Amino acid sequence: MKMALVLASGSRIRAELMKNAGLAIEIDPSDVDERAVEAPLLEAGFTPEALASVLAEAKANDVSSRRSADLVVGADQILAFEGERRTKPQDMEAARRQLLAFSGQTHELHSAVVISRNGEAIWRHVSTARLTMRALSPQFIGHYLAAAGDAVLSSVGAYQLESLGLQLFDRIEGDYFTILGLPMLPLLDELRRLKVIET
């Protein structure tokens, strides 16, 4: 039976990144309740990097446990600002408040990727990017949110760097794929090592 490469995520961007890199993938989103997994970890004081890694592994293992013959890729991204984890804004008002707080400040995106087989992780990686927003006026934020629309609510930072969100930033340190939520270069390197793709 042929081994499939499976993405344990319903993320359109992650699927596009893998397909654009020439990977033949199947999509099988995980059923893991992320908030339930992370609650005790937050209480225990896990770092954002560790939290992202544990969540990515939980998703990969969840799907891998029912697809033991396949290689499963799980991913997660955590945004840290002023030492605290931030989640996706619930509505446009929450997005507005978040962007006002980020204005002129630096936040970090920690993106984890895990490969699992037979229900167990066989490889893990976390990459971090630091993003500094320019000083944003409340008027500009209002215009940006009106133009970007509800798509901002699907992003933990209330922006998509691959579109209008790019206008929010002064400086970016880190890998583009890390910012989009899937560190592709380390993932491709590991898939080559596993002989899933050509070397």
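In this predicted model, the axes of H2 (34–43) and H3 (48–64) come within 10 Å and cross at roughly 145 degrees. The crossing of H2 and H3 is right-handed. On the H2 side the contact is formed by Glu-34, Val-37, Glu-38, Leu-41 and Leu-42, and these meet Leu-51, Val-54, Leu-55 and Lys-59 of H3. By residue class, the contact of H2 with H3 comprises 6 nonpolar, no polar and 3 charged residues.

The loop between H2 and H3 contains Phe-46. With residues up to four places away in sequence not counted, Phe-46 touches Leu-41 and Val-54. Leu-41 belongs to the H2 side of the helix contact and Val-54 to the H3 side. Phe-46 is partly exposed, with a relative accessible area of 36%.

The axes of H4 and H5 come within 10 Å and cross at roughly 140 degrees, which makes H4 oblique to H5. The crossing of H4 and H5 is right-handed. Met-92, Ala-95, Arg-96, Leu-99 and Leu-100 of H4 make the contact with Pro-138, Ile-141, Tyr-144 and Leu-145 of H5. The contact of H4 with H5 divides into 8 nonpolar residues, no polar residue and 1 charged residue.

| H2 and H3 | roughly 145 degrees | within 10 Å | 6 nonpolar, no polar, 3 charged |

In soluble globular proteins, nonpolar side chains tend to be buried together. The largest nonpolar core of this model has 21 residues, of which Leu-99, Met-133, Tyr-159 and Leu-168 touch the most other members. A second, separate core has 20 residues, including Ala-15, Val-113, Leu-187 and Leu-191.

Which residues does Leu-168 touch, not counting residues up to four places away in sequence? They are Leu-99, Met-133, Arg-134, Leu-136, Phe-140, Tyr-144 and Tyr-159. Among these, Leu-99 and Tyr-144 also take part in the contact of H4 with H5.

Most residues other than glycine have a negative phi. Glu-82 lies in the loop between S3 and strand S4 (84–86), whereas Ala-158 lies in the loop between H5 and strand S7 (169–173). Is each residue buried or exposed? Glu-82 is exposed, because its relative accessible area is 62% and the cut-off for exposed is over 50%. Ala-158 is buried, because its relative accessible area is 0% and the cut-off for buried is under 20%.

The loop between H5 and S7 also holds Glu-162. At 33% relative accessibility, Glu-162 counts as partly exposed. Apart from neighbours within four places in sequence, Glu-162 is in contact with Ile-13, Tyr-176 and Leu-180. Between Glu-162 and Val-63 the separation is 99 residues in sequence and 29 Å in space, C-alpha to C-alpha.

Definitions and conventions: Residues numbered from 1 in each chain as written. Predicted model: local features only at pLDDT ≥ 70, side-chain atom pairs only at ≥ 80, totals over all residues. Heavy atoms only, no water. Core = buried A, V, L, I, M, F, W, Y, C linked by side-chain atoms within 4.5 Å. Buried < 20%, exposed > 50% of the residue type's maximum accessible area, 1.4 Å probe, protein only. Contact = heavy atoms within 4.5 Å. Axes fitted to C-alpha atoms, helices over the stretch in contact; angles between N-to-C directions. Helix = DSSP H or I, 4+ residues; strand = E, 2+ residues; numbered from the N terminus. Parallel < 35°, antiparallel > 145°, perpendicular 65-115°, else oblique. Left-handed = near helix turned anticlockwise from the far one by under 90°. Nonpolar A, V, L, I, M, F, W, Y, C, P; charged D, E, K, R; others polar.
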